Structures are given as structure tokens and as C-alpha cells.
Amino acid sequence: MSTAIKRFLSKESVANVASSLIAIIVGLIVGFIIILVSNPQQALNGFNAILFGGVTDMKNLGQVLYLATPIILTGLSVGFANKTGQFNIGASGQFIVGAFAAVYVGVKWTFLPGALHWCVALIMAMLAGALWGLLPGILKAFYNVNVVISCIMMNYIGMYMVNILVVNTVFDSLKNQSQRVAETAIIPKMGLDKIFRAGNSSSSVNAGIFIAIIAGIIIYIILEKTQFGFELKACGLNPDAAKYAGINERRCIIFSMMIAGALSGLGGALLYLAGSGKGIEVLDTLAQEGFNGIPVALLGQGNPIGIIFAGIFVAYLTVGGFNMQLYDFVPQVTEIITAVIIYFSAFALLFKNFIQSRYGDGVEHKSEAMPVQAGQQGGD
């Protein structure tokens, strides 16, 4: 293999994309095997549905973007915290707390005029999510409490607290969920409902997808183009070295968890302010969107731009899974297949390490060149 090709394959961005694609292909192969075992007669039709169900018509494509919106933001939440050395498994609690704040504002604060109503609802959701990420950040920064443990506890506290608050403030007893928000609190469609439709039926997609994409771009700029982002990543890579360099580790941990929480809270707001009729159900079940953000972050290799595409892909699989039911596949099989494909996304890092170790020989990396130069200067 030529040196030029080795250099190309050893690039981190290329390795990221290649490893994610390998994970997707392996997951799809295993998914096909499951389809074949569960219903051999309809296996090809079922597999075709999951591959192309998201683009059979414009409405389905719109539903892909609608379902992608919240998991892009929870994926950004997990990925952002991971870049700074924290595993934010508390995205589910932050998501539902942010969702309640948005729904409460959407139902009760009808005195807010026009667009100001949904804007304030989004801001309140971000503040609520940031608050829910703050406590695990403080516990980690000042008392070295494991973030995973504190986040898990905050998930359950958030779930039960929101159940109580919904019942006592914005409850629709007939539907066992929160009331519908006011029209002024619904995220604008921006004409997307006219584009993504099939016949007289339109999808639930709205401007939320643009907000999610903008959030991803902003997070990318923060991490890659600002001093603050450099400090956060430095603490994640080597806390001791960052502390020696004068970086305030406690400040980085707290701000990292607060920003991660704000992103999850925003995701909850965008889901429940979409005008799709979906309300916060009073159930003893953690918000699945928060956990879906973990494989999205893994599949996107922690890169904010990659997470945007990973979120759309996972939503695409979900819509394709819905279409599989047309071929006598029970919903449980659909969920298993989607879960298997998502599960293999966790191996993306393993594939990435293989690619870099296999094709990275003889290629100089910046991270490796710096200590060599320092050693040479010391020898001189």
C-alpha cells in the first residue's frame, strides 16, 4: 500500500468516518440475520423496509428529521461531556426536566406574545436541564463523587419529580399526560410541513431540526475554536497536566455538566413543543431519548458534526422499523434490530483503533511529534 494511501487512512477524520461505517455495516448484517430467523418468508421485504423506509415518501423523510431532533441534542450532550472527561449518563433526567419546564411555560405562560412564547419556553428548558446537570458537576468537582452514580440518581429523581409536577400543574387526566401547549408555544413549521408531506398527511418536522443543527455547529466551534473548549478538552485528556498548566479543573467540570444538561433540556423542549400532540406521560419509565443519545455520540465519534449525522441515521432506522410492521413483523422484532445496529455503534472506537494501528505506521502525528522535539531540544 502506498504511503499516500496510508497517510489518508491514518487521518483521524477518515478513521472516524470509516470506523462508523464499518459499525453500521456489521450491525445491518446482524440485523438481517435476525429478520431472516424471525420471518424467513418476508425477510427481504423487511430488510428493504428498514433500509429504504425512511425515504419512501416525503412524509417519512420529514418524520426522520422530527425524530432526529431530540436525539441529536442528547447525543451532543453525551458527546460534549465525554470530550471533557465526563460520562453524562444523566441525559434522560435532564431531558425530561427540560421538557417539563418547556411544557409548563407553554401551557401556563399564555401572556407571552407570539414567538416570544416558544423562545422563552426553550430558554427555560435549557436552564432546567443545566440545573439538573449542575449538581452532578458540583459533586464531582468538589467531592470527587462518580458522575455516573450521581447522574443515575438524578435521572430517577427527575422522572418522579416531573410525574408529580405534571399531575399537580398541567395534567390531562383523560390522556394521562400533560396538556397541550398553547399555539404560540409550538415551534414554527417554517413551511416544512408543506414540503415533507404525502397527500393530505404532513409530517411533524419543524424548525427544531435547524435549532439542533445550529446547536451542533456551536458546540463544534466551542470545542475546536475557543480557549474555553481547549481547556475543557485538556481537563478531559489529562486533568493533572491541565491543573499544572493553570487550568481550573473544577470550573471545567461544572461548566461541562451544565452545558451538557442544557443541551438535553433543549432536546426535551423541542420534542414536546413540536405540535405533534405528544405530551409528557405520567409513567415510571425513564425518557428513552436520553439513553439513545449515548449510541448517537458513540457513532458520531464524539464529534458534534458527526453526531448530527448519527442522530439522523438512528432516526432513519426507527422510521424504517415502523414500515417493517407492514410485512407482519411484530414491533418487538423492529426494536431488537434497531438496538442491535445501535449496539454495534459502540464498536466504532474499536474499529477506529484498528484502522489507525493498521495504516498509521510511519506517519507522524502531531501528538507524537511534540514530545520528541522537546526531548531533542533537551539533549542539545
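This report walks through a cavity, a pocket, a lysine and an aromatic pair in a predicted model.

## About the model

Residues are numbered from 1 along each chain as its sequence is written. Because the model is predicted, local features need pLDDT of at least 70 and side-chain atom pairs count only at pLDDT 80 or more, while totals for chains, interfaces and linings use all residues; side-chain values use heavy atoms, with hydrogens and water left out.

## The enclosed cavity

Let's start inside. There is 1 cavity of 30 Å³ or more, where a cavity is a set of points on a 1 Å grid over the protein atoms alone at which a 1.4 Å probe fits but cannot get out. The largest cavity has a volume of about 150 Å³, taken as the space filled by probe spheres set on the points, which are joined across faces, edges and corners.

Its lining (residues with an atom within 4 Å of a point) has 16 members, and Arg 180, Val 181, Tyr 272, Gly 277 and Lys 278 lie nearest the centre. Strand E2 (177-178) and helix H12 (249-272) each give at least two residues to this lining; helices (H or I, at least four residues) and strands (E, at least two) are DSSP runs numbered from the N terminus.

## The second largest pocket

A pocket is an open set of points with protein on both sides within 12 Å along at least five of seven lines. Of its 33 lining residues, Lys 278, Ala 287, Gln 288, Glu 289 and Asn 292 lie nearest the centre. Elements giving two or more residues to this lining include helix H4 (58-83), helix H7 (147-169) and H12, and H15 gives the most, with 6 residues.

## Lysine 233

Lys 233 sits in helix H10 (residues 227-237). With a relative accessible area of 19%, Lys 233 is buried (under 20%; exposed is over 50%, partly exposed in between, with a 1.4 Å probe and protein chains only). Beyond neighbours within four places in sequence, Lys 233 is in contact (heavy atoms within 4.5 Å) with Lys 83, Thr 84, Leu 223 and Glu 224.

## An aromatic pair

The structure holds 4 aromatic pairs, meaning rings of Phe, Tyr and Trp (its six-membered ring) with centres within 6.5 Å; planes under 30 degrees apart are stacked, over 60 edge-to-face and the rest tilted. One of them, Phe 32 with Phe 47, is edge-to-face, at 5.0 Å centre to centre and 70 degrees between the planes. Phe 32 belongs to helix H2 (residues 12-38) and Phe 47 to helix H3 (residues 43-52), 15 residues apart. Phe 32 is partly exposed at 24%, whereas Phe 47 is buried at 18%.
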